[in-house]
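Let's look at how aromatic rings pair up in a protein model. Have the sequence and the 3D view ready.

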Amino acid sequence: TAIVRSATHQVAKRNFAEAPRMHKAKDVWAEIKATRPVDPHPHNVFHPPYNKVTAAVGVVVVVSTGYGAMYCGVRHQQYKQGYWK
């Protein structure tokens, strides 16, 4: 137990004479950004205008698929466990 106490004490002990270590990448971000080419049109994943019909169909398909999967799973378990005949 003395070895464990000594080991944990050494791990927990911190040298307060030196400053805490900081991540340096944020300090050079302006320099990195200056070397990149200018992008006149950022390519976002979703950018409007959205087609309302396509969006509505997509939402209905996702909700229907989720509901169908849940219903089939519940139905299977109910029949398997004998609650439904």
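This is a predicted model: local features need pLDDT of at least 70, side-chain atom pairs count only at pLDDT 80 or more; totals for chains, interfaces and linings use all residues.

Here is a short tour of confidence and ring pairs.

Residues are numbered from 1 along each chain as its sequence is written, and side-chain values use heavy atoms, with hydrogens and water left out.

pLDDT is the predictor's confidence in each residue, from 0 to 100. The protein chain averages 83, and 84% of its residues score at least 70. Confidence is lowest in helix α1 (residues 2-12), with a mean of 70, and highest in α3, at 96. Helices here are DSSP runs (H or I, at least four residues), numbered from the N terminus.

## The stacked pair

Searching the whole structure turns up two aromatic pairs. Tyrosine 67 and tyrosine 71 are stacked, because their ring centres are 6.5 Å apart and their planes sit at 15°. Rings of Phe, Tyr and Trp (its six-membered ring) pair if their centres lie within 6.5 Å; planes under 30 degrees apart are stacked, over 60 edge-to-face, and the rest tilted.

These two tyrosines are four residues apart in helix α3 (residues 52-80), so about one helical turn separates them. Tyrosine 67 is exposed, at 60% relative accessible area, while tyrosine 71 is partly exposed, at 42%. The cut-offs are under 20% for buried and over 50% for exposed, with partly exposed in between (1.4 Å probe, protein chains only).

## The edge-to-face pair

Tyrosine 79 and tryptophan 84 pair edge-to-face, with 5.8 Å from centre to centre and 85° between the planes. Tyrosine 79 is partly exposed, at 38%, and tryptophan 84 counts as partly exposed too, at 33%.
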